[in-house]
Amino acid sequence: MFTKHPIIIAGPCSAESYNQVISTAKALSDIKDISLFRAGIWKPRTRPGGFDGVGEDGLKWLQDVKQQFNLRVCTEIANPHHAELILKYNIDAVWIGARTTTNPFSVNEIASSLKGVDIPVMVKNPMHPDIKLWLGAIERFKNLGISNIAAIHRGFYYYGNEKYRNKPLWQIPLELKTILPDISIICDPSHISGNKTLVETIAQKAMNIGMNGLMIETHINPELALSDKEQQLSPLELKDLLTHLHYPAISTSNNQFNNQLADLRAIIDEIDEDLLNLLSKRTDIVKQIAYYKKEHSITAFQLSRWKEIIKTRKHISDKLDLDDEFILNILSLIHEYSINTQNQIINHSAGIKKEN
Ligand code: PEP
Ligand code: MN
């Protein structure tokens, strides 16, 4: 199921009515790259009172989509009863929603209900950036013999108002790929964006970093959608997006390119070695400072010095055209390490055990 590259999954956030499902599927069936039709049948709403899905009727509509348009269909399941019903209606694949992945009890119950049925399962990342919960959910399905598993990256909840509805934190899916190199990761730019204007940029980034597919919410008439209306594309907008998107390959047999890449990487290797040597030299000086501060009973953390570091380094990084946030992140890590190193020296000479 997940071997096609890229896997494109499209369809509405929610199945709302027979006509809405069938007309969306009909429009999508004209786009040849679509691998799966999605529609939420049971909708997890953060607060009561919203549209919480059409339930079992929607599964019959999905069966019609299969028959009329030769599309495979998938939906979200959140408990064993849902699992039983999707099997009854021959749904081709399922996904586990972000709220469910967060709860190991629910994941276990669903996995047990699917035991022995090798239906493809896609596991969305949990709401908050805890890679272990994501891995744990995947393992719970694997342990019960479900082998056809993919992960869906839908971004992470954070408190506050920012550009994204859910922060992408790309390093987390990349870490998942490092731990589970064989798993396909599908990006869901709709739930990351929360807004249709960002969908294409996120989708392109997912392709640029080698993700294996996209799940994009598509509605025949997004303005009338009963859930997630801001982020849903019309079938025409999706078609347009898919034709604009570039799909870079993970590797190539072009020798000239591979040789040039190897040359540039050799330069990066040298630069990294220089960076590490500089960090080691810096740490030596930090240690000297620690002994000096200890002797004069001065705190490891000095607010005015930290402020000065941020200010002066920002001037330099601006001149060098480096990204402010990137430099601040690196400086914060270096400074934290410096404080910890000093703390260890001060504690050690005071006879206090090392912190783990
Ligand atoms: C959805 O796909 O419509 C959905 C509810 O997603 P998530 O679990 O990522 O919030
Ligand atoms: Mn949605």
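How far is an oxygen atom of ligand 1 from an N or O atom in the side chain of K124? In this predicted model, the separation is 2.8 Å. The protein has 356 residues, of which 44% count as buried, and its secondary structure consists of 13 helices and eight strands. Along the principal axes, its C-alpha atoms fill a box of roughly 80 × 50 × 40 Å.

**The manganese site**

- Four residues coordinate the manganese ion (ligand 2): C13 through SG, H191 through NE2, E217 through OE and D228 through OD. The coordinating distances run from 2.1 to 2.4 Å.
- Along the chain, the donors of this ion are spaced as C-x177-H-x25-E-x10-D.
- C13 belongs to the loop between β1 (7–11) and α1 (18–28), while H191 belongs to helix α8 (residues 189–193), so this pair ties together parts that are 178 residues apart in sequence.
- C13 and H191 are both buried; each therefore has a relative accessible area under 20%.

- The residues around ligand 1 are C13, R38, K43, E76, W95, G97, A98, R99, K124, R154, H191 and E217. Among them are C13, H191 and E217, which also coordinate the manganese ion.
- A polar backbone atom of A98 lies 2.8 Å from an oxygen atom of ligand 1.
- For H191, an N or O atom of the side chain is 3.3 Å from an oxygen atom of ligand 1. The protein covers 97% of the 290 Å² of accessible area that ligand 1 has on its own.

**Salt bridges**

- Side chains of opposite charge can pair when their charged atoms come close. The count of salt bridges in this model comes to eleven.
- K32 and D33 meet through their side chains in a salt bridge, with 3.5 Å from N to O. K32 is exposed, its relative accessible area being 72%, whereas D33 is partly exposed at 29% relative accessibility.
- D228, a donor to the manganese ion, also forms a salt bridge with R165, in which the closest N and O atoms are 3.1 Å apart. This pair links distant parts of the chain, 63 residues apart: D228 is in the loop between β8 (213–217) and α10 (235–244), and R165 is in the loop between β6 (149–153) and α7 (171–179). With a relative accessibility of 35%, R165 counts as partly exposed.
- K314 and D324 form a salt bridge whose closest N and O atoms are 3.1 Å apart. K314 lies in helix α12 (residues 303–319) and D324 in helix α13 (residues 324–349), so the pair ties together parts that are ten residues apart in sequence.
- K314 counts as partly exposed at 36% relative accessibility, and D324 is likewise partly exposed, with a relative accessible area of 35%. Salt bridges that share partners join K314, D324 and D318 into one network.

Note on methods. Residues numbered from 1 in each chain as written. Chains lettered and ligands numbered in written order. Predicted model: local features only at pLDDT ≥ 70, side-chain atom pairs only at ≥ 80, totals over all residues. Heavy atoms only, no water. Donors = N, O, S within 2.8 Å, 3.2 Å for Na, K, Ca; no water. Helix = DSSP H or I, 4+ residues; strand = E, 2+ residues; numbered from the N terminus. Buried < 20%, exposed > 50% of the residue type's maximum accessible area, 1.4 Å probe, protein only. Near = heavy atom within 4 Å. Polar contact = N/O pair within 3.5 Å; in protein donor to acceptor, adjacent residues only side chain to side chain. Areas by Shrake-Rupley, 256 points an atom, 1.4 Å probe, with all protein chains shown as cover. Salt bridge = Lys/Arg side-chain N within 4 Å of Asp/Glu carboxyl O.
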